[in-house]
Amino acid sequence: MGAFTRIPADTFEQIQTDAGILLYSFDPAAPGAVKDEEIICPTTGGITAACVPSYSDRGEDVDNCPANLLELKSLDSWDCSLQFTSLGTSPRSIRLALGAADIDADGPTHILPRRGLKVSDAQDIWWVGDRADGGLVAVCLKKALSTAGFSLKTTKNGKGNTSVTLTGHVTVATQQEVPMEFWSMPPAAAPKGDREGTA
């Protein structure tokens, strides 16, 4: 084997395994057992977490300025999202996929889309997955709101599924924050035996 044909010694400790789970709440400081009521829905096809920066090049219209001059580059915003295909049809998961909607207080099986958006429609959503060493990886999408709407696809002799895109948002009070945060924790910080219900 050549000198540069190798992988890091801790590769198998860092690898993220399986699809992970989506949660309404999670505390990385005390990962403990995951309660069933915190799991958003069963999924299929995996989960995609993305946090993509948008840049401006202030030198693009300056004569003789090279493209991508770092000193004139400006970070404008972050586009952060969670995308997944849900197999769940609970009122709570349908409401999450709709975004601007309410669960009827008089009939908790009735979900009502709304014409207006409320700040309370957005909520923090977590994805938590296993590391091969017994630790965990976690992503929190801040002030997540469904931006692709609700679309249920059914098949003959198959399972119905709903494509969901949740987008992270900032508020007037949190304009300087990036709407996604990340954790990668070794097993000492996230004991595997205490995390019942994780994938």
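Predicted model: local features only at pLDDT ≥ 70, side-chain atom pairs only at ≥ 80, totals over all residues.
**Entry on the cavity**

I took a cavity to be a set of points, on a 1 Å grid over the protein atoms alone, where a 1.4 Å probe fits but cannot get out, with lining residues having an atom within 4 Å of a point. Grid points are joined across faces, edges and corners, and a volume is the space filled by probe spheres set on the points. By this rule I found one cavity of 30 Å³ or more, and the largest cavity holds about 40 Å³ of space. The elements that give two or more residues to its lining are strand E3 (73-86), helix H2 (91-98) and strand E9 (161-167); helices (H or I, at least four residues) and strands (E, at least two) are DSSP runs, numbered from the N terminus. Helix H2 gives the largest share of the lining, four residues. I then sorted the lining residues into eight nonpolar, four polar and no charged, where Ala, Val, Leu, Ile, Met, Phe, Trp, Tyr, Cys and Pro count as nonpolar, Asp, Glu, Lys and Arg as charged, and the others, Gly among them, as polar.

**Entry on the salt bridges**

I searched the whole structure for salt bridges (a side-chain nitrogen of Lys or Arg within 4 Å of a carboxyl oxygen of Asp or Glu) and found five. One of them joins Arg-95 and Asp-121 at 3.2 Å, N to O, and this pair links distant parts of the chain, with Arg-95 in helix H2 and Asp-121 in the loop between strand E5 (111-113) and strand E6 (123-131), 26 residues apart. Both residues are buried, which means under 20% relative accessible area, whereas exposed means over 50% and partly exposed lies in between (1.4 Å probe, protein chains only).

Arg-114 forms a salt bridge with Asp-102, their closest N and O atoms being 2.8 Å apart. Arg-114 counts as partly exposed because its relative accessibility is 23%.

Conventions:
Residues numbered from 1 in each chain as written. Heavy atoms only, no water. 1 Å grid on protein atoms, 1.4 Å probe; cavity = no way out; pocket = protein on both sides within 12 Å on 5 of 7 lines; lining within 4 Å.
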